[in-house]
Amino acid sequence: MKVKFWGVRGSIPTPGKDTVRYGGNTSCIGLDAEDGTIVIFEAGTGIRMIGSKLAAMSPVKVHLFLSHTHWDHIHGFPFFIPAYIPKNEITIYGPPHFDKNLREIMAQQMVYSYFPVNSDELQATIKYVDLKEETVEIGSLKIRSKLVNHPVTCFAYRVTEGSKSMVYTGDNEPYYNFMASAAMDEAETAEIAMIVEEQNNRNVEFVKDCDLLIADAQYKHSEYPTKVGWGHSSNVHVVDMSIKAGVKHLVMFHHEPTRSDAQVDEIVQETRAYYAGTGHTGLTISAAAEGDEIVIV
Ligand SMILES: [Zn+2]
Ligand SMILES: [Zn+2]
């Protein structure tokens, strides 16, 4: 399978001279399977460019997986040209919320107050699949979803094709005891610590031995203490998870919007230095940049 980054930024697009190398578009990852199946993860603004490419190939079948429906993961969808072309088939997979299914959530950003085209007016055949933790089989791919820790229902996805696999974490913060307080006695604290550890171990198990891990690593570890509960990981979190899981290549993703290219470079160096300091070897570490391709063979 081949992965291509079309948008790598978290939260909000960041055009400008300081972000030209890593890119300013919000999350969008294209995945081409060996059998030609076309998968896209996330509909951030990066989806506009992959849409232009796919529009020229119409009619096409596209499988679009959303980790969650925060703006930066869906706000490119109204500009996804294949959705306007009859005979194209687009299946959108993602989490429903308590009171709304995925179709209703996606339709909300295309009401006339916000956008001139209503989602019912899109010309392509569009199907919506409300996911839970499960495995979806599409052509030569198996795509497994797993809930992760974010302020809204959010999935990580593991894609397997034959013996090859890649995991995309979506927006993800390690589990922690968010109820910790002085009022909690020792036994309660210990019990919650055990639950937290179990949940984090489930994440490690989900990532286990994958060839490629694309991981939300929005913060430097020194920044994380002021961002607890915001739903994102630090560079150290994702290295530690990669070590435990035996990952081969870690790609840091969902870059903090205030970060310049030079600062992302610095974080890559800092992260590699941290990994070297652990005494482990064999993990490749890089930061996602728009236009980069990774072929897993
Ligand atoms: Zn995000
Ligand atoms: Zn989010």
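Here are a few worked exercises on a zinc site and the strands beside it, in a predicted model.

A bit of housekeeping: residues count from 1 along each chain as its sequence is written, and chains are lettered from A and ligands numbered from 1 in the order in which they are written. Local features need pLDDT of at least 70 and side-chain atom pairs count only at pLDDT 80 or more, while totals for chains, interfaces and linings use all residues; side-chain values use heavy atoms, with hydrogens and water left out.

**Exercise 1. Work out which residues donate to the zinc ion (ligand 2) and classify the site.**

Step 1. Collect the donors (N, O and S atoms within 2.8 Å of the metal, or 3.2 Å for Na, K and Ca; water is not among the atoms, so sites may look incomplete). You get His-68 (NE2), His-70 (ND1), His-150 (NE2) and Asp-171 (OD), at 2.1 to 2.6 Å from the ion.

Step 2. Check the angles. They span 89 to 173° among the four donor atoms, and the site is irregular.

Step 3. Read off the spacing: H-x1-H-x79-H-x20-D.

Step 4. The zinc ion (ligand 1) sits 3.6 Å from the zinc ion (ligand 2), and Asp-171 coordinates both.

**Exercise 2. Describe the surroundings of His-68.**

Step 1. Helices (H or I, at least four residues) and strands (E, at least two) are DSSP runs, numbered from the N terminus.

Step 2. Is His-68 buried or exposed? Its relative accessible area is 0%, so it's buried. The cut-offs are under 20% for buried, over 50% for exposed and partly exposed in between, with a 1.4 Å probe and protein chains only.

Step 3. List polar contacts (N or O pairs within 3.5 Å; within protein, one must be able to donate a hydrogen and the other to accept it, and residues adjacent in sequence count only if both atoms are side-chain atoms). The His-68 side chain makes one of 3.2 Å with that of His-70 and one of 3.3 Å with that of His-150.

Step 4. Widen to contacts (heavy atoms within 4.5 Å). Beyond four places in sequence, the partners of His-68 include Glu-42, Pro-95, Cys-154 and Asp-171.

**Exercise 3. Trace the pairing from strand 1 to strand 4.**

Step 1. Strands pair if DSSP finds at least two bridges between them. Strand 1 (residues 2–7) runs antiparallel to strand 2 over five bridges, with Phe-5 opposite Ile-29.

Step 2. Strand 2 joins strand 3 (residues 38–41) through four bridges, also antiparallel. These two form a hairpin with five residues between them, where Gly-36 has a positive phi of about 95°.

Step 3. Strand 3 and strand 4 run parallel, joined by four bridges, and Ile-38 faces Val-62.

Step 4. Check burial: four of the five residues in strand 2 (residues 28–32) are buried. In strand 3, Ile-38 and Ile-40 point one way, Val-39 and Phe-41 the other, and all are buried.

Terms used: Tetrahedral: all angles 85-135°; square planar, octahedral: opposite > 155°, others 65-115°.
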